[in-house]
Structures are given as C-alpha cells and as structure tokens.
Amino acid sequence: MDERTVKRAVWASAMGNATEWYDYGVFTSGAIAVSIGSEFFPGEGNAVLKSLALLAVGFIVRPFGGAFFGPLGDKIGRQKVLAITILLMSGCTFLVGVLPTYSGGYSMGIAAPIAILLLRIIQGFSTGGEYGGAATFIAEYSPTKRRGFFGSFLELGTLAGYVLGNLVVLAVTLSLSADQVDAWGWRIPFFVALPLGLVGLYLRNKLEDTPEFRRLEASGEKPRKAPLKEIFTRNWRMILNLIGIVLLLNVADYLLLTTMPTYFTETLKINDNTSTLIIIAVEVLQMAIIIPLGALSDKIGRKPLLLTAAIGFLVLSWPSLKLMQSGSIFWLFVGFLIVAILLVLMLAVIGSTFPAMFPTRVRYGSFAIGYNISTSLFGGTCGVIVTALIQSTGNPDWPAYYLMAAALIAIIPIIKIPETSQVPIEQIDTEDSGGGKSLTGASAQR
C-alpha cells in the first residue's frame, strides 16, 4: 500500500471525527449553550443545563447506532457505511441552524423543541456508527509499524474540529452584540458543519474499501449477514475491557472538552471569551504533541501511555482542579493543561489500540458496540451529572471526583488487554477464554 493512499484514507476518516466534534464545540460553548437552552426550551430553569441535557439525549441512542452501523460495516464494507454516517452527522448539525425556535418572529411553538430533539437523536444514532468505522478504516489501511502514528490523526481530527467550533463561536460573539447572538447569531456556527461534512464525504467516496475488508471479501470469509450474534458470543469479554477503558477516555474527554467551558463560566465565573481562549490554547498544545505521542507508541507500545494517563488522572485530577479554582487565570490555565496532557496520552493511542482488540470479521461491530455503550452510559451523561451535582451540593470539586473514579476502574482493563503495537492487523484473532485474547499465527511471536 503506497503512503499517499494511506494518507488519503487517514484524512478521510479524520474529517468525520472533526465534523462530530465541531458540533460539540459549538453546542457546548457558553454563549451558544445559553441561546439554545433559552430559544428552544423557554421558562424557568438553567439554560445551560437544558442545553447539556439536549446534548446528552443524542448519547442515549448511540449504542443503537453502533449496533446497527457496526455489524453492517462488517457485512457491506467500512467505506459505504462511513459515507452515510458523515452525511447524517453534518446534515443534522446544519439543520439545527435553520430550525424555527419556540417563540418569536421565526417560531413554531412546541414543535421546535421536538424537532431539535429529533435531530439530536438522528445525529446520535449516526455518530454511533462513525467513530468505530473511522478508527477501523485507519487501522486497516496503516502499516503495522506506523499504526500508532497514523491512528493518532483520528483524534487530531477531534481536537481540530473542537478548536474550529470554538473559533467560529468566538468570532461570532466578538462580531455581534449579545442580543444579536441570542436573536440569530447563534445559528451561524451550525451552518459550517455542512461543508465540512461534504468535504469528508468527497474524500471517502474517492477511496476503495480497506485492504483488510477486501482481503476478507476475496477469501469468502466476509459475514453473509450482519454478525451481531457472533460479536457477543465470541468477543464479549474483550468488549467489557473496551467499555472499561472508554469509560475513563470519555469521562475525561467530555468533561474537559464539553463540560469545562460551562464550568469555567457558570461555576468559576470566567468571562465567556476568556474561557474559550484558554480552551483553544490548551487544545492547540494537545494538537502539537498528539502525533509525536502516536509515533512514540509504535516504539514503546500503547499500554505504557494508557497506564500513565490512568494513574495520572487518579493522582492529579484533584490538585489540577484546585489550581483551576485558585482565582488566577494563569493557574487555571496550568491546572487545565495538566489534565489535558493526561487526556492526550490516551487520545494519541486509542485509534490504534481499540481496532486491534478485535479480529477483522467483527472488528467494526465489536468496536462500535462496546465504544458506544460506554460513551452513552458514562461519557454523554457526565456533563449533566457533574453540573447537577455541583448545583445541588454546592461542591465545585465533582469534576475531579468523577475523573478519579473513572481512572480507578480503567486501570484494570488497561492491564488486562494485550500489547498489539507490533502485531499485524490481519493476524489478530480473538478467542474469549478467561477474559484474555490470543493472537494467532506469526503475530503471537512478535
């Protein structure tokens, strides 16, 4: 496989992740969250909490999307399914921007919250099939000794999409008055999602399916129907390991990237634009180191980076939060940067670690189901839960407690999974026995 084709496959996959996280970056920014909450759900109650709850609704259906699109990708191919998911994701984000609101000149009453709820559900369903497929696409295109390097570009897409979302929101809030943002300016960032999605769709349609899927198809080993039963009967223990690791990943990811913006503004009373600038600066630093960390994992393995991150979250989450609460913008930046670096240790290797936990025949489905069950239960809900706990108890330390608990759980499956950094993706097999995984053929000797 020539490197140019591999790079095209990597960028086509990363664009979907960028589109997904662009949406989160827009939806969770302080100014837009307030506008969405008040424009679509008027009445008493915290507008930010309403907006976060709306975001969490999409996560409820993600496991169903994973269970539908994942096995379908194992049956008909990764490329076809990924073309569908990126179009659905970007289309739904765009349509949020054109929806009439609950009241005002351009309104449709009670139908407005129902419509935005349906769009979030459709987007959550399609997102359930996106990440597992994108990671699988990159892993199956990448050469063994550079799988960590190329896999890290998937999460570079995450960070780039989120930074872009925050930059667009920042540009809107700096260019318009608060009244203009509330009236119509909040719509502008949602419009950008459609061209992002169309670029990703174009790139994906220009590629053949992965070499691994084509090999499976040529050998006659491709499942004749979506292998949902096979996924659970042969891989359930490894799926549980995946769920445990993703628990920490997503609690950290969604707390830092989608909850902390409102934590800074609502709990720490930081100005919206100051909060956004801090987050953008930290994420740019994450983007600068994620690719070198992915390349490092090709040399030392994925597990050392994952364990360092988990232990770091267990030990450093509370001190870091205390720095953020110090009242100093400088120490807030330092505290946020510490946990952001711990997160990027995970982000750099998950694109190469998770696909290698499952064999080709059921890789997409097993990954998508396990990942989205964990994301739905622990990632998508953490923002609402942590915000509600802070408001009900008056204790601002809940983000740290949540991270520490997740880290304690994740250490166990990180230790249990095998190191696959030097194992060719085509030689990975799973035979669940005692929660372990056997690597067949030459891979067992590597």
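Student: Okay, let's start with helix α11. Which of its residues are buried?

Tutor: In α11, which covers residues 211-219, the buried ones are E212, F213 and L216. Keep in mind that the model is predicted.

Student: Where do those buried residues sit around the helix?

Tutor: Look down the axis of α11 and its buried residues fall within an arc of 100°, so they line one face of the helix.

Student: And what covers them?

Tutor: The cover includes three other helices: α4 (62-76), α5 (78-98) and α6 (111-141).

Student: What happens to the backbone just after α11?

Tutor: There you find G220, with a positive phi of about 80°.

Student: Which loop is E221 in?

Tutor: E221 belongs to the loop between α11 and α12, where α12 is 228-267.

Student: Buried, exposed or partly exposed, what is E221?

Tutor: Its relative accessible area is 42%, so E221 counts as partly exposed. The cut-offs are under 20% for buried and over 50% for exposed, with partly exposed in between.

Student: What does E221 touch?

Tutor: If you skip its neighbours within four places in sequence, E221 is in contact with L216 and R361. L216 has come up already, as a buried residue of α11.

Student: New topic, α6. How does α1 cross it?

Tutor: Helix α1 is residues 3-28, and its axis comes within 9 Å of the α6 axis, with a crossing at roughly 150°. The two helices are therefore roughly antiparallel to each other.

Student: Is that crossing left-handed or right-handed?

Tutor: For α1 and α6, it's left-handed.

Student: Which residues meet there?

Tutor: From α1, they include T5, V6, A9, V10 and S13, and from α6 they include R120, Q123, T127 and E130. Further along the lists you'll find Y24 and F27 in α1, as well as F137, I138 and Y141 in α6.

Student: How many nonpolar, polar and charged residues is that?

Tutor: The contact of α1 with α6 has 10 nonpolar, 6 polar and 4 charged residues.

Student: What about α6 and α7, how do they cross?

Tutor: Helix α7 runs over residues 147-175, and the axes of α6 and α7 come within 9 Å and cross at roughly 150°. That makes α6 and α7 roughly antiparallel to each other. The crossing of α6 with α7 is right-handed, whereas that of α1 with α6 is left-handed.

Student: Who makes the α6 and α7 contact?

Tutor: On the α6 side you have Y131, A134, A135, I138 and A139, and on the α7 side R147, F150, G151, L154 and E155. By class, that contact has 7 nonpolar, 1 polar and 2 charged residues.

Student: Can we do R62 now? Where is it, and is it buried or exposed?

Tutor: R62 is in helix α4. With a relative accessible area of 1%, R62 is buried.

Student: What does R62 touch?

Tutor: Not counting residues up to four places away in sequence, R62 touches E20, Y24, G124, T127, G128, Y254, Y371, N372 and T375. Two of those names, E20 and Y24, are also among the α1 residues that meet α6.

Student: And T28, is that buried or exposed?

Tutor: T28 is in helix α1, and at a relative accessible area of 1% T28 is buried. Its C-alpha atom is separated by 8.4 Å from that of L55, 27 residues apart along the chain.

Student: Last one, A410. What's around it?

Tutor: A410 is in helix α18, residues 398-416, and at 0% relative accessibility A410 counts as buried. Leaving aside neighbours within four places in sequence, A410 is in contact with G244, I245 and L248.

Notes:
Residues are numbered from 1 along each chain as its sequence is written. This is a predicted model: local features need pLDDT of at least 70, side-chain atom pairs count only at pLDDT 80 or more; totals for chains, interfaces and linings use all residues. Side-chain values use heavy atoms; hydrogens and water are left out. Buried means under 20% relative accessible area, exposed over 50%, partly exposed in between (1.4 Å probe, protein chains only). Helices (H or I, at least four residues) and strands (E, at least two) are DSSP runs, numbered from the N terminus. The arc is that of the directions from the helix axis to the C-beta atoms. Contact means heavy atoms within 4.5 Å. Axes are lines fitted to C-alpha atoms, for helices over the stretch in contact, and angles run from 0 to 180 degrees between N-to-C directions. Angles under 35 degrees count as roughly parallel, over 145 as roughly antiparallel, 65 to 115 as roughly perpendicular and the rest as oblique. A crossing is left-handed if the near helix is turned anticlockwise from the far one by less than a right angle, and right-handed if clockwise. Ala, Val, Leu, Ile, Met, Phe, Trp, Tyr, Cys and Pro count as nonpolar, Asp, Glu, Lys and Arg as charged, and the others, Gly among them, as polar.
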